[in-house]
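These entries record what I looked up, residue by residue and then for the whole chain.

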Amino acid sequence: MKILLIEDDMDLGNGIRIALTDQGMDVTWVRQLADAQRQLEQRGFDLLLLDLGLPDGNGMDLVASLRRGREGVPILILSARDALSDRLLGLDSGADDYLVKPFELAELLSRVRALARRSYGFDGETMELRGIVLHVPTRRVTVNGRPADLTGSEYELLRILMMRADRVVTRRSLEEQALPGSQANASNSLDVHMANLRRKVGEGLIRTVRGVGYVIDQREVGR
Ligand code: CA
């Protein structure tokens with residue numbers, strides 16, 4: 001799971017980064033709103049952890065701008081009690097959950113899992129769908145109980161499609177998120193990785209939506 005952590009407190013930010021990375025999550029940590037914006041333009045994230053009091057502004061402005069752009073990414077706010085009462089208790093903000101500082105890291109992890117479950121139907125550790133099991137902390141994938149040997153790009157493609165099951169993911173979004181820069185430039189690179197992935201997980205799993213992208217249906221279409 002790709003998490004964008006926006007927190008300017010060095011000790012807290014570092015503690016969160018280590019705790020989430022230990023759970024197999026892929027954490028990008030920034031300390032300013034401007035850096036957060038830049039990261040969001042460059043790559044897709046599955047979840048945002050957002051402090052409110054930041055050196056270059058208020059985190060709520062980011063929530064507002066994401067929701068205006070109809071970005072559905074789940075947002076968990078981390079905030080000191082006073083900032084929270086000022087800014088959030090109306091809860092018109094569009095954030096999905098909030099955690100009041102100080103908090104235990106175990107509490108944060110359980111909130112992150114709960115939010116992932118609510119948003120994506122899985123707990124951030126194991127995804128299971130049509131005989132495919134993907135275990136995030138170890139990046140292991142099994143197909144009908146047998147281990148599948150996926151490359152890094154193939155794993156990422158599968159992970160993204162499983163997270164967004166029943167929703168079409170565009171070619172562009174897959175290229176940006178799963179293929180490193182130099183590869184994404186080759187126009188047929190995605191097709192090559194997709195063909196290899198399909199060979200390994202079974203041809204029927206990933207459905208092509210012509211001219212748009214790809215989707216994994218929770219249940220096999222036509223059955
Ligand atoms: Ca702060």
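Entry 1, Arg130. I located Arg130 in the loop between strand S8 (126–129) and strand S9 (132–135); helices (H or I, at least four residues) and strands (E, at least two) are DSSP runs, numbered from the N terminus. The model is a predicted one, in which local features need pLDDT of at least 70 and side-chain atom pairs count only at pLDDT 80 or more, while totals for chains, interfaces and linings use all residues. Residues are numbered from 1 along each chain as its sequence is written, and side-chain values use heavy atoms, with hydrogens and water left out.

I read a phi near 45° for Arg130, a positive value in a residue other than glycine. Most residues other than glycine have a negative phi. Arg130 is partly exposed, because its relative accessible area is 26%; buried means under 20%, exposed over 50%, and partly exposed in between (1.4 Å probe, protein chains only).

I found Asp166 in the loop between H6 and strand S12 (169–170). With 47% relative accessibility, Asp166 counts as partly exposed.

I noted that the bond from Lys101 to Pro102 is cis, with omega near -5°. Most peptide bonds are trans. Pro102 sits in the loop between strand S7 (97–101) and helix H5 (105–120).

Beyond its neighbours within four places in sequence, Arg159 is in contact (heavy atoms within 4.5 Å) with Met1, Lys2, Asp46, Met127 and Leu134.

I placed Thr28 in strand S2, residues 26–30. Thr28 counts as buried because its relative accessibility is 12%. The side chains of Thr28 and Arg43 are joined by a polar contact of 3.1 Å. Not counting residues up to four places away in sequence, Thr28 touches Ile3, Leu4, Leu5, Gln39, Arg43 and Phe45.

Arg31 belongs to the loop between S2 and helix H2 (33–42), and with a relative accessible area of 32% it is partly exposed. Among the residues that Arg31 touches, not counting those up to four places away in sequence, are Glu7, Asp8 and Leu54. I also took the C-alpha to C-alpha distance from Arg31 to Gly202: 42 Å in space, for 171 residues in sequence.

I counted 9 helices and 14 strands. The radius of gyration is 18 Å, close to the 17 Å of the globule rule for 223 residues, so the protein is as compact as a globular protein of that length; the radius is taken over C-alpha atoms, and the rule is 2.2 Å times the number of residues to the power 0.38. Of the 223 residues, 46% count as buried. Residues 24 or more positions apart account for 56% of the contacts with a separation of 6 or more.

Technical notes. A polar contact is a pair of N or O atoms within 3.5 Å; within protein, one must be able to donate a hydrogen and the other to accept it, and residues adjacent in sequence count only if both atoms are side-chain atoms.
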